[in-house]
Every structure is written in structure tokens, then in C-alpha cells.
Amino acid sequence: MNDRLLRALRREPVDRTPVWFMRQAGRALPRYRESRASRDMFELIRDPEAAAEITALPLEYFPVDAAVLYADLSTPLPAAGLRVELRAGSGPVVLDPVTGPRDVARLRPFDPRRELDFVLEQIRILTRRLDVPVIGFVGAPFTLCSYVVQGSRSREANELKAFLWAHPAAWDRLASFWADHLAEFAIAQHEAGAAAIQVFDSWAGTLAPEDYETRALPYSRRLFERLETARVPSIHFFTGNPALLPLAAAAGGDALGIDWRIPLDRAWEIVGPDRAIQGNLDPAALLAGTETALRKTREVLRRAGGRPGHIFNTGHGLLPGTDPQVVRAVVECVHAYRARKRQPHETGR
């Protein structure tokens, strides 16, 4: 087993910096687009064999150090009794959203080991076939609730923010429900064979610091504390607002996944040396061609400085139109890179 990713999460030395990409199992891969031509994404996710083939597909194109599960953040919503539809240009949309406090009571408690076994079976298939770790994932409570409240997401999460400000008690019940169920789903994925779990808080960056601290952090921390107790390695992916990074670090996770809006070495100073860090190439650099992508890749690696605990990734998912050959060149660059040994007086910046 290639264990670079797990060793990096433990901040242990590795022979090469581990690298994987969010959304690597789709979008940029021609064979994935072929598989989507005749089947809905949710249909594919519920077919463990087909989903496993998509998850493993990137390894045929580039030698990444992990396979990230083919699923969606909204996958658990039907288990709670919500109706979800995939709409072109909008993504998953909840047809019976939470619009007021009474709607929170409609959510149905569920056992992910039963209701979401198709995801767990995909993991079991993959762990039998692959020699790289499988990364499972869930949404953070705030981000998952961005699907649930009002049924669609604005860029600034306006509907969700209005709900949590207007109905603080209902928000506590809603966020607590998902913190507990997402934690159990993450643990179930680990039990099925996922080596690590990434928790996506893709929309928390829309919050002001005081709102993140009171309305998002407690529920993310609740989730990460459950994972820590269950000894599940975790990556806390956070994006959109570097001002919130100290609070996101306080929420938990063995590693913090960051985007390109803050230099990696500065982010690591904020997070602290006792945490791993993941990131943080702008995925748009891959659209600019091989030369630009490699130049920016080396800059990220230079800022990491060869310190144990760095996992190379883009700061968000691979974009449509990304050339797999450029991705492969970046992977090979990361694996070949050898950091200059830092001197005691250097900060790494």
C-alpha cells in the first residue's frame, strides 16, 4: 500500500510529497464524460461497481497517491427523508427544503450503515482493488445545511444566514442533527476501508468571524471530536475567507485543506506546526498550460519547504476543461521535487 498520504497526515517524513486532487474522478477525464452521457450522477453513485470504476479512473491517467470517493455532499440527504433532484447548472436541489423551524422536525434520523450502504460497498470494492488509500468524505454541518435550507444555494449563502440569524434554536437543532449523522457516516466509511475522511466546509467562508465562531465552529468541532475519538484520520477542507483560518483550525482535523487566497507557508504559521496542511494550487493554473501550472506548483512546494505534513492539492476541485496531461505533469513535478534544505534563520516565505 502506498501510505504517503497517511504518513503526511501524521506529519511523518515521506519519500515524496503525496498528491491528489478534488474532483479528480470526473470532469477532466474523457472516459468519465462518456459514463455520464447516459446515466444520472445519483444513479451512478447508487451503483457501487460503477462508482468504484469512476473513483479508480484517475489512476489510469496520472499516478496520484489517493483515490477520492465518487459521491456528492448531498448523498446523505435522501436518507433523512429529503427529496433531491440534480439540475443542470445548479447541481443538487432539495425539492422539500427547510424554510422554517417546523421543517427541522421533518428530518428523519437514519443509520448510515443501512441507508447509505451503497457508498460503503463502493469503498469495500475499492480497498480490495487499489494500492493507494481511499479518501471518503462528508460535508461539514454548515455546508450541508446550505443545501437543506431553501433548497438552493446562493453564492453568499444568504438564505442560510437569514435562517440561522432568525431562528437560532431551530438552527441549533438542524446543525446538531447533521453534525451527529455526518460523523456517523464518516466513521462508517472508515470502518468500510476509507483510510481518511475529508470534511468539506466549502461555504463557511461566507460567514463573518463572529458568526462562524458561534454558528458553525461548534458543530464542526462536534463532528471532528467524534472522528478523533473513533481514531479516524481527517482533513478539514476550508475555503473562501482566510480571516477565518484560525477559527477553522480550532474546529479540528488532522490536516487543514486551504485554498490559494493565502500563501501556504503563512497559512501553516496560523494553523501551527502540530497540524498537517493540504493545498494550495489555484485550479485555474491548470487551464493556463503546462508551463504555468508547473511554475505555480513549484511555488507551492517551495513555500512548503519540505516540512513533514504537506499534502499537495488544488485549493478547490479540478475545473471542467482541464487537460489530463497537464495534471499528470503536475503530479510528476510534485513527486520529483526536492526542497532545498532550509536554514535556521529562514521562515520559508
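Is arginine 23 buried, partly exposed or exposed? I looked up its relative accessibility, 41%, so arginine 23 counts as partly exposed. The cut-offs are under 20% relative accessible area for buried, over 50% for exposed, and partly exposed in between, with a 1.4 Å probe and protein chains only.

A note on the source. This is a predicted model, in which local features need pLDDT of at least 70, side-chain atom pairs count only at pLDDT 80 or more, and totals for chains, interfaces and linings use all residues. Residues are numbered from 1 along each chain as its sequence is written, and side-chain values use heavy atoms, with hydrogens and water left out.

I stayed with arginine 23. Its place is in the loop between α1 and α2. Helices (H or I, at least four residues) and strands (E, at least two) are DSSP runs, numbered from the N terminus. Phi of arginine 23 is near 60°, a positive value in a residue other than glycine.

I then turned to arginine 11. Arginine 11 sits in the loop between α1 (4–9) and α2 (30–36). Its phi is near 60°, again positive in a residue other than glycine. Arginine 11 has 34% relative accessibility, so I wrote it down as partly exposed.

Which two residues does a cis peptide bond join? I found glycine 279 and asparagine 280, with omega at about -5°. Asparagine 280 lies in the loop between β8 (276–278) and α14.

**Entry: buried residues**

I looked up isoleucine 197 in strand β5 (residues 196–201). Its relative accessibility is 0%, so isoleucine 197 counts as buried. What does isoleucine 197 contact, leaving aside its neighbours within four places in sequence? Among its contacts are Gly136, Phe137, Val138, His190 and Val232. Contact means heavy atoms within 4.5 Å. Isoleucine 197 and valine 232 are 35 residues apart in sequence, and their C-alpha atoms are 7.3 Å apart in space.

Serine 234 lies in strand β6 (residues 234–238). With a relative accessible area of 4%, serine 234 is buried. Not counting residues up to four places away in sequence, serine 234 touches Leu9, Ile197, Phe224, Leu227, Gly253, Asp254 and Ala255. How far is the C-alpha of serine 234 from that of arginine 87? I noted 30 Å, for two residues 147 apart along the chain.

Next came serine 220 in helix α11 (residues 209–229). Serine 220 has 2% relative accessibility and therefore counts as buried. Beyond residues up to four places away in sequence, serine 220 touches Ala140, Pro141, Asp201 and Ala251.

I also checked two loop residues. Threonine 75 lies in the loop between β1 (67–68) and β2 (84–87). At 8% relative accessibility, threonine 75 counts as buried. Leaving aside neighbours within four places in sequence, threonine 75 is in contact with Ile45, Leu116, Phe118 and Val119.

Leucine 57 is in the loop between α4 (48–56) and β1. At 4% relative accessibility, leucine 57 counts as buried. Not counting residues up to four places away in sequence, leucine 57 touches Leu29, Arg31 and Tyr32. Leucine 57 and tyrosine 32 are 25 residues apart in sequence and 7.9 Å apart in space, C-alpha to C-alpha.

**Entry: a pair of helices**

I looked at helix α13 (residues 264–271) and helix α14 (residues 290–304). Their axes come within 8 Å and cross at roughly 35°. Axes are lines fitted to C-alpha atoms, for helices over the stretch in contact, and angles run from 0 to 180 degrees between N-to-C directions. Which residues meet there? Leu264, Asp265 and Trp268 in α13 meet Val300, Arg303 and Ala304 in α14. The residues of this contact divide into four nonpolar, no polar and two charged. Ala, Val, Leu, Ile, Met, Phe, Trp, Tyr, Cys and Pro count as nonpolar, Asp, Glu, Lys and Arg as charged, and the others, Gly among them, as polar.
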